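I opened this one with a notebook beside me and a few things to look up. Here are my entries, in the order I made them.

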Amino acid sequence: MIKRISSGGEFEKKVGYCRAVVAGGFVHVAGTVGQGETVLEQCQSALGVIEKALAEAGASFADVVRVNYFLPDRHEFEPCFDLLAETFGENPPAATMIECNLIDPKFRIEIEVTALAPSEG
């Protein structure tokens with residue numbers, strides 16, 4: 001069974017995707033950007049959107065097994081370290097950071113996660 005979760009974000013309808021898909025025992029959360037001026041504000045905002053999608057799937061940050069960070073400037077990643085360490089706490093996932101262009105130059109970070117889905121039973 002596949003469950004699709006939409007957050008109503010502006011790009012979901014425009015591009016044709018949903019915020020998260022629960023399938024195969026995992027919650028796959030699409031790359032998520034946030035609002036704000038600084039990379040830290042955008043990181044915090046994106047994590048809020050991701051947290052909501054995970055909750056709707058019955059999961060949390062403690063269930064995240066993989067995270068990918070995409071930034072147009074790798075030097076902007078360090079300001080997010082404390083927030084990310086606090087978010088994942090005692091359950092750090094495997095992680096990758098990639099320096100690349102994002103869909104709009106106003107975005108400073110995009111975050112994508114994969115989490116274990118709650119077992120049905």
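**Entry 1: the pocket**

I began with the lining of the largest pocket and found that E3 gives the most to it, with four residues. A note on the ground rules: this is a predicted model, where local features need pLDDT of at least 70, side-chain atom pairs count only at pLDDT 80 or more, and totals for chains, interfaces and linings use all residues. Residues are numbered from 1 along each chain as its sequence is written, and side-chain values use heavy atoms, with hydrogens and water left out.

Which elements give two or more residues to this lining? I noted helix H1 (10-16) and strand E3 (26-33). Helices (H or I, at least four residues) and strands (E, at least two) are DSSP runs, numbered from the N terminus.

I wrote down a volume of about 320 Å³ for the largest pocket, a volume being the space filled by probe spheres set on grid points that are joined across faces, edges and corners. A pocket here is an open set of points on a 1 Å grid over the protein atoms alone, where a 1.4 Å probe fits, with protein on both sides within 12 Å along at least five of seven lines; lining residues have an atom within 4 Å of a point. The lining holds 16 residues, and Phe11, Tyr17, Arg19, Gly31 and Val33 lie nearest the centre. I sorted the lining into eight nonpolar, five polar and three charged residues. In this sorting Ala, Val, Leu, Ile, Met, Phe, Trp, Tyr, Cys and Pro are nonpolar, Asp, Glu, Lys and Arg are charged, and the others, Gly among them, are polar.

**Entry 2: salt bridges**

How many salt bridges does a search of the whole structure find? I got three, counting a side-chain nitrogen of Lys or Arg within 4 Å of a carboxyl oxygen of Asp or Glu.

Arginine 19 pairs with glutamate 12 at 3.6 Å, N to O. Arginine 19 is buried at 6% relative accessible area, and glutamate 12 is buried too, at 5%. My cut-offs: buried is under 20% relative accessible area, exposed is over 50%, and partly exposed is in between (1.4 Å probe, protein chains only).

Glutamate 99 and arginine 74 form another bridge, their closest N and O atoms 3.9 Å apart. Glutamate 99 sits in strand E5 (residues 94-99) and arginine 74 in the loop between E4 and H3, so this pair ties together parts 25 residues apart in sequence.

Glutamate 76 meets arginine 108 at 2.8 Å, N to O. This pair links the loop between E4 and H3 to the loop between E5 and strand E6 (110-116), 32 residues apart.

**Entry 3: phenylalanine 107**

Is phenylalanine 107 buried or exposed? I have it as buried, at 2% relative accessibility, in the loop between E5 and E6. Leaving aside neighbours within four places in sequence, I listed its contacts (heavy atoms within 4.5 Å) as Phe11, Val33, Gly34, Gln35, Gln42, Pro72 and Leu102.

**Entry 4: helix H3**

In H3 (residues 81-88) I marked Leu83, Leu84, Thr87 and Phe88 as buried. They cover an arc of only 115° around the axis, which puts them on the same side of H3; the arc is that of the directions from the helix axis to the C-beta atoms. On the other side of H3, Asp82 and Glu86 are exposed. Helix H2 (39-56) and strand E4 (64-71) are among what covers the buried residues.
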